[in-house]
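Let's walk through this one with a few questions and answers. Have a look at the picture before reading on.

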Amino acid sequence: MTDLTNDEINKRLAFEDEIRKDIVRRDREKLQRINDKIHNRLNAMRRKDEAELKRLERELDNSNMKVSKERYNKAVNDVKSRMKALTGKNYIVSKKSNNRLLTNMLNRKDYSNTFLKSALKNRDKPFKKVTTAVFKTTNFSGKSQGKDSISALETELKHILRLLNDNTYKEDLVKNNLVEIYGETFDISNKEVRQDLKDLLMAEVRQIKKDYSKESSNRTRLQNEAEKVQKKYRSKKTNIEKMINDIDDQSLKSDLESFKDKFFNLDNPTTQSDFVDAKPLKDKLESYFKTSLTDERPSLTKNQINNLVKRKVELIDSLLESRNESINAVEKRDNLDSKISRVDTPLFKEFLFKLPHHAGEFDITQQEYLDSVKSYFQKHFSEYEMLVGVVHFDEVQNPEERTGDHVHLVMKTQNKNTGKYDLNAKYRELGMKLAKIENMNMNNKELIKSGQFLNAHFLLHMQKQLFDKKDICLTLLSNEEKLDFHNMIMSFEQDMPQELRTLNSFKMDYDQLQRYKQDVQKQKNIISNNNTVIQNQKSKYSNQMKDFKGKILQLKTDTEESIQSIKNELLEWFDKINEEKWVQAEKIADNISDDIVNNMLKNDSKLGKIEYDLSHLENLMNVPIKSRVSEKVNKKKRLNLL
């Protein structure tokens with residue numbers, strides 16, 4: 001085996017040291033990569049968990065989830081159960097009515113973007129605020145009982161005049177409301193004033209109902225009279241048709257057919273000249289029946305024949321007279337029908353415009369609200385009068401902020417020019433015109449479309465009339481927003497008594513508190529779940545760290561064993577150095593020690609310096625020179641040679 005020089009040994013040791021350092025460095029880098037990978041996985045899992053929790057929260061809030069029939073029915077059953085708990089009675093809603101409301105909601109088209117474009121048209125600066133708004137109508141007929149009756153109207157008047165203790169408003173804020181009747185505004189902070197105004201309005205309502213009832217009774221009477229005279233007229237026509245069939249004289253039959261064509265209708269009234277023109281026909285009939293009866297029934301006397309002939313001939317005048325009676329009766333009936341189209345014709349129509357609570361407070365006065373709403377009806381329905389207009393500023397959720405501003409406008413449906421109760425019909429016609437629908441018998445989808453256009457038409461008027469000036473933009477809800485749980489409940493409850501609705505102010509406050517509690521509990525659950533996840537990850541990470549520590553210890557042990565092996569190998573290399581080299585080194589050391597002893601002065605004051613040099617030489621040669629010198633010096637001392 002080749003002997004190694006000192007330089008080669010040193011290089012080999014340095015090389016092995018670099019290898020050891022490189023192994024340690026790579027192990028550290030590997031551990032750092034593993035540690036980074038663990039943290040990245042933990043962060044990714046945490047982000048995934050947070051995203052899943054947010055998704056579940058959105059699903060629970062259900063703000064953008066489309067309505068399903070099962071979900072809607074669940075909402076309906078919830079309301080019915082709550083109503084039974086409140087009233088002790090079953091609230092019966094027909095399945096047909098439920099399905100119709102649900103179908104209407106699902107068939108609504110989304111006009112929110114179109115509406116927004118119209119609101120932004122010709123505008124050169126952005127709005128300061130954006131909000132949705134509610135606009136709805138309610139009809140009240142002359143019936144005594146029912147959701148659209150006079151009784152229901154009285155309840156509604158009590159509500160808008162703040163005479164119902166329904167927890168929908170704050171009593172100390174009633175003074176902020178505005179009431180207008182007959183063009184005069186009233187302060188309703190005093191309950192006695194409210195009662196007086198309600199009595200005043202109900203007196204007019206009852207008078208209108210009385211007038212309507214009288215006209216309705218007249219309509220029934222005229223209907224019966226028209227039916228009676230029409231029945232008589234139809235009977236005369238039947239008799240004449242039978243007479244025509246029995247006549248075999250073609251000339252007379254032709255004349256009777258001409259008479260039939262002219263007078264077997266109710267197009268034009270019969271005039272006196274018609275009776276005169278009918279005389280030749282009657283003469284022909286008289287001559288014909290006298291001859292035929294004489295020949296066919298010779299047993300009859302002359303008087304009997306004359307009586308039979310007279311009855312036949314009088315059918316002509318009788319038909320003409322009954323025809324005139326029918327025309328007059330139908331005309332009277334139709335004139336009243338145009339005023340009263342049906343028994344449940346609306347006598348009053350309420351319009352509600354409301355801003356949502358979540359939109360916050362608006363810098364708009366009561367008078368501005370009322371004037372803007374009134375201007376819409378003055379523009380499109382100027383022939384109809386307002387019964388009462390009310391602006392409510394007292395249905396707030398937070399006493400420090402005025403929210404939920406809304407306007408009630410109750411209109412009379414009787415046209416002041418024609419006397420017809422046709423505001424509802426005119427409102428319907430406007431919707432058809434806006435939606436470009438020509439068929440008066442609209443199907444369900446067309447009704448929904450016209451209703452949506454009427455809603456947008458009114459809100460656009462409010463936008464241009466009022467909200468543009470305030471830098472506020474009104475918007476329509478998208479279909480997804482309309483079909484959330486909150487709006488479904490509101491739609492279902494719109495015909496319920498006010499005090500039993502889920503969404504009055506008192507219940508809104510209560511529900512908001514419940515939602516806060518649920519949110520707090522939800523956040524607690526989220527925190528608890530997150531803590532559980534973090535704890536699980538910590539445990540997992542702790543176990544992994546233990547494994548890593550074990551690996552590090554094993555790696556350290558392996559490294560130490562490797563270094564020891566290298567040392568042992570080096571020692572073996574040292575042992576294998578040629579023995580001759582050691583002998584030669586011994587000789588050199590012996591010679592050097594002799595030279596040192598022989599040349600050493602008797603004064604050994606420099607012995608320390610010599611010892612240092614000898615120690616240095618020993619390190620270089622790895623041979624015990626110093627001890628040799630000491631032995632030889634001591635020997636000479638003993639021999640007294642120094």
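A salt bridge here is a side-chain nitrogen of Lys or Arg within 4 Å of a carboxyl oxygen of Asp or Glu. Keep in mind that this is a predicted model.

Q: How many salt bridges does the structure hold?
A: Side chains of opposite charge can pair when their charged atoms come close. Going by the 4 Å cut-off between nitrogen and oxygen, the count for this structure is 20.

Q: How many helices and how many strands are there in the protein chain?
A: Let's take the chain as a whole. It has 642 residues, and buried ones make up 36% of them. Among contacts with a separation of 6 or more, 76% are between residues 24 or more positions apart. As for the elements, the chain has 19 helices and eight strands.

Q: How are α5 and α6 oriented relative to each other?
A: Two packed helices are described by the angle between their axes and the distance between the axes. For α5 (residues 150-160) and α6 (residues 191-246), the axes come within 11 Å and cross at roughly 160°. Angles over 145 degrees count as roughly antiparallel, so α5 and α6 are roughly antiparallel.

Q: Which classes of residue make up the contact of α5 with α6?
A: On the α5 side you'll find Ile150, Leu153, Glu154, Leu157 and Lys158, and they meet Lys198, Leu201, Met202, Val205, Arg206 and Lys209 of α6. The crossing itself is right-handed. Sorted by class, the contact has no polar residues, five charged and six nonpolar.

Q: How many residues apart in sequence are the parts tied together by Lys354 and Glu395?
A: The side chains of Lys354 and Glu395 form a salt bridge of 3.7 Å, N to O. Lys354 is in strand β5 (residues 346-354), while Glu395 is in the loop between β6 (386-392) and β7 (406-412), so the pair ties together parts of the chain whose separation is 41 residues.

Q: Is α7 oblique or roughly antiparallel to α9?
A: The axes of α7 (residues 250-263) and α9 are 11 Å apart, at an angle of about 140°. To count as roughly antiparallel, an angle has to be over 145 degrees. That makes α7, relative to α9, oblique.

Q: What is the handedness of the crossing where α7 passes α9?
A: First, who takes part: Ser251, Leu252, Asp255, Leu256 and Phe259 of α7, together with Leu281, Lys284, Leu285 and Tyr288 of α9. By class, that contact has six nonpolar residues, one polar and two charged. The way α7 passes α9 is left-handed.

Q: Is Arg162 buried or exposed?
A: Most residues other than glycine have a negative phi. Arg162, in the loop between α5 and β3 (178-181), has a positive phi near 60°. Its relative accessible area is 1%, so Arg162 is buried.

Q: And is Lys436 buried or exposed?
A: Lys436 isn't a glycine either, yet its phi is positive, about 60°. It lies in the loop between α12 (423-435) and α13 (444-467). With a relative accessible area of 74%, Lys436 is exposed.

Q: What is the relative accessible area of Arg194?
A: Arg194 is in helix α6. Leaving aside neighbours within four places in sequence, its contacts include Leu161, Arg162, Tyr169 and Glu171. Arg194 is buried, with a relative accessible area of 0%.

Technical notes:
Residues are numbered from 1 along each chain as its sequence is written. This is a predicted model: local features need pLDDT of at least 70, side-chain atom pairs count only at pLDDT 80 or more; totals for chains, interfaces and linings use all residues. Side-chain values use heavy atoms; hydrogens and water are left out. Axes are lines fitted to C-alpha atoms, for helices over the stretch in contact, and angles run from 0 to 180 degrees between N-to-C directions. Helices (H or I, at least four residues) and strands (E, at least two) are DSSP runs, numbered from the N terminus. Angles under 35 degrees count as roughly parallel, over 145 as roughly antiparallel, 65 to 115 as roughly perpendicular and the rest as oblique. A crossing is left-handed if the near helix is turned anticlockwise from the far one by less than a right angle, and right-handed if clockwise. Contact means heavy atoms within 4.5 Å. Ala, Val, Leu, Ile, Met, Phe, Trp, Tyr, Cys and Pro count as nonpolar, Asp, Glu, Lys and Arg as charged, and the others, Gly among them, as polar. Buried means under 20% relative accessible area, exposed over 50%, partly exposed in between (1.4 Å probe, protein chains only).
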